[in-house]
Amino acid sequence: MLLKKLLQDIDVINKSQADDIEINDLQIDSKKVKRGDLFIAIKGEKFDGNDFIRQALDKGASAIISDEEIDKNLPSEKIFQVQNARSAYALASKNFFGRECDNLNIIAITGTNGKTTIANTTTDLLRYAGAKVGVIGTLGAKLDDKFIDTGFTTPDPYILHKIFKDMKNNGCEYVVMEASAHALALYKLDGIKFEIGVLTNITEDHLDFFKTMDNYASAKFTLFEPGRVNLGIINADDERCRKFLSQANVPVISYGLNELCDVKAENIAKSFSGSKFICDYLGENIDIKTELVGEYNVQNALASIAICRSLGVPAELVRLGMSCISPVEGRFNIIKMQDNNIVIDYAHTPDGLEKILKTARDLSDGELVAVFGCGGNRDRQKRPIMGEIATRLADHVVLTSDNPRYEEPLEIISEINEGAIKKCNIIENRKKAIEFALTNFCNGETIVIAGKGAEKYQDIKGVKYPYNDFDVVYNFYRKHIKEISNQHIIEDERE
């Protein structure tokens with residue numbers, strides 16, 4: 001592709017006559033540069049791409065994009081200075097893959113919690129209505145039976161626009177994607193026009209990166225800048241979201257349990273089997289029955305309904321579709337074993353943990369047990385907060401490891417325990433911690449295992465070891481049932 005086409009919509013400070021050269025590929029890692037590539041020098045947390053411009057040129061890069069002043073010792077005709085290299089990377093990626101995002105109806109969902117459930121529920125509803133839909137988020141990217149593990153909630157621009165192109169080439173009409181605060185703050189989504197943007201909630205998370213809640217909230221609000229999204233759908237039950245409603249400069253629809261919301265739920269009935277309610281969508285009533293459990297999932301369902309009705313999906317198809325949808329893997333999944341309900345959930349923030357524990361408490365007759373930990377090398381401020389929440393809401397708490405990454409698990413657990421208001425069981429090994437809970441609480445308790453959801457690994461010292469909470473629970477009960485069966489055989493032989 002010609003460089004001048006790659007530079008479309010990018011504000012280049014030093015226009016050059018060399019912008020008609022051919023570019024083979026885009027790179028942001030100088031080690032991967034090949035002859036004919038465009039190297040985009042981006043400042044990261046650990047490395048600055050500007051320090052590797054000479055290396056990229058030596059490896060055959062045809063051109064460089066940077067937001068630094070050009071070094072006089074470098075060939076100026078090959079270096080293009082821009083206002084923001086990260087934004088330029090997003091726009092160049094869009095151009096490189098044929099600007100296919102402009103030919104798709106893209107729905108973006110941002111917020112601390114609920115993104116994955118809303119994205120997947122919306123995708124299922126649109127598919128039920130006959131549309132071809134791709135989904136991109138925490139669980140990867142998927143269209144039909146094709147799955148891509150992207151590694152991020154919102155992929156980097158090059159991968160993201162490649163996915164858009166693949167989806168469009170395969171007949172995709174809609175793309176429903178999760179838009180993380182990091183992606184918005186790092187300009188990964190620049191150049192994409194969204195049909196609908198959804199804001200679920202803003203609660204404490206990622207303060208290791210954003211430092212303050214105002215910075216975190218501001219990053220999410222950028223999704224709703226004029227010209228970026230046609231319609232905003234915002235949760236008015238959340239305090240920060242509610243304040244933003246009056247400031248939004250795009251058309252918005254509010255949703256929530258508040259009677260003043262544009263889209264709201266009435267006559268809610270909740271159980272471990274799911275939820276029933278009447279959805280009032282702008283004065284139109286829809287009877288909803290869904291397997292999604294808990295009040296917060298009623299809010300998530302409302303968001304999905306608001307998206308689909310706004311896109312013109314008939315109310316009857318929405319009703320039927322909601323009755324067919326299963327919970328997203330790793331989001332309040334319930335395993336019924338003997339008299340126990342075992343809940344596995346991805347909740348890894350204070351708000352997420354509080355919601356699932358309150359939901360489990362509300363639906364439980366017996367005692368409530370919480371098993372959880374916190375991720376390493378992430379926001380440390382939330383650890384004692386989550387310790388307080390768990391010990392306040394659960395009868396018994398088992399503190400364990402999550403994804404410790406490069407931190408020591410027991411040090412993370414100690415920080416969680418600082419917020420505890422009663423004694424916790426501390427078992428570093430996550431598998432043993434879950435088995436401890438399943439062994440010691442088997443008389444009708446509800447056991448909530450939080451933090452990892454459907455993850456298939458545990459990240460320890462840079463290595464992702466195979467691990468899954470579901471496997472631990474199922475393997476425990478297989479072994480337990482086998483032991484009981486063997487005991488019965490022995491007793492029968494004695495008789």
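The model on screen is predicted.

**Stop 1: the second largest pocket**

Select Glu 295, Tyr 296, Gln 299, Lys 355 and Lys 358, which lie nearest the centre of the second largest pocket. Its lining comprises 17 residues, and its volume is about 350 Å³.

Helix α12 gives the most, with seven residues.

**Stop 2: the largest cavity**

Next, select Thr 117, Glu 291, Leu 292, Val 293, Asn 297, Pro 327, Val 328, Arg 331 and Phe 332, the residues that line the largest cavity. The space inside is about 30 Å³, and the count of cavities of 30 Å³ or more comes to one. In this lining, five residues are nonpolar, two are polar and two are charged.

**Stop 3: the open sheet**

Hide the side chains and show the strands of an open sheet of 11 strands with mixed pairing. Follow them in the order β8-β7-β6-β9-β5-β10-β11-β12-β13-β14-β15. The edges are formed by β8 (146-148) and β15 (284-290), each pairing on one side only. On average, and ignoring direction, neighbouring strands here are turned by 15 degrees against each other.

Within the sheet, pick out β11 (residues 229-235) and β12 (residues 252-256), which run parallel and are joined by four bridges. Select Ile 234 and look across to Ser 254, its bridge partner in β12.

**Stop 4: Asp 459**

Finally, select Asp 459, found in strand β22 (residues 457-460). Is Asp 459 buried or exposed? Its relative accessibility is 13%; buried means under 20%, so Asp 459 counts as buried.

Show the contacts of Asp 459: leaving aside residues up to four places away in sequence, this residue touches Asn 403, Pro 404, Arg 405 and Lys 464. Last, draw a line between the C-alpha atoms of Asp 459 and Gly 375, which are separated by 9.0 Å although the residues are 84 residues apart along the chain.

How values were computed. Residues are numbered from 1 along each chain as its sequence is written. This is a predicted model: local features need pLDDT of at least 70, side-chain atom pairs count only at pLDDT 80 or more; totals for chains, interfaces and linings use all residues. Side-chain values use heavy atoms; hydrogens and water are left out. Helices (H or I, at least four residues) and strands (E, at least two) are DSSP runs, numbered from the N terminus. Buried means under 20% relative accessible area, exposed over 50%, partly exposed in between (1.4 Å probe, protein chains only). Contact means heavy atoms within 4.5 Å. Two strands pair if DSSP finds at least two bridges between them. Axes are lines fitted to C-alpha atoms, for helices over the stretch in contact, and angles run from 0 to 180 degrees between N-to-C directions. On a 1 Å grid over the protein atoms alone, a cavity is a set of points where a 1.4 Å probe fits but cannot get out, and a pocket is an open set with protein on both sides within 12 Å along at least five of seven lines; lining residues have an atom within 4 Å of a point. Grid points are joined across faces, edges and corners, and a volume is the space filled by probe spheres set on the points. Ala, Val, Leu, Ile, Met, Phe, Trp, Tyr, Cys and Pro count as nonpolar, Asp, Glu, Lys and Arg as charged, and the others, Gly among them, as polar.
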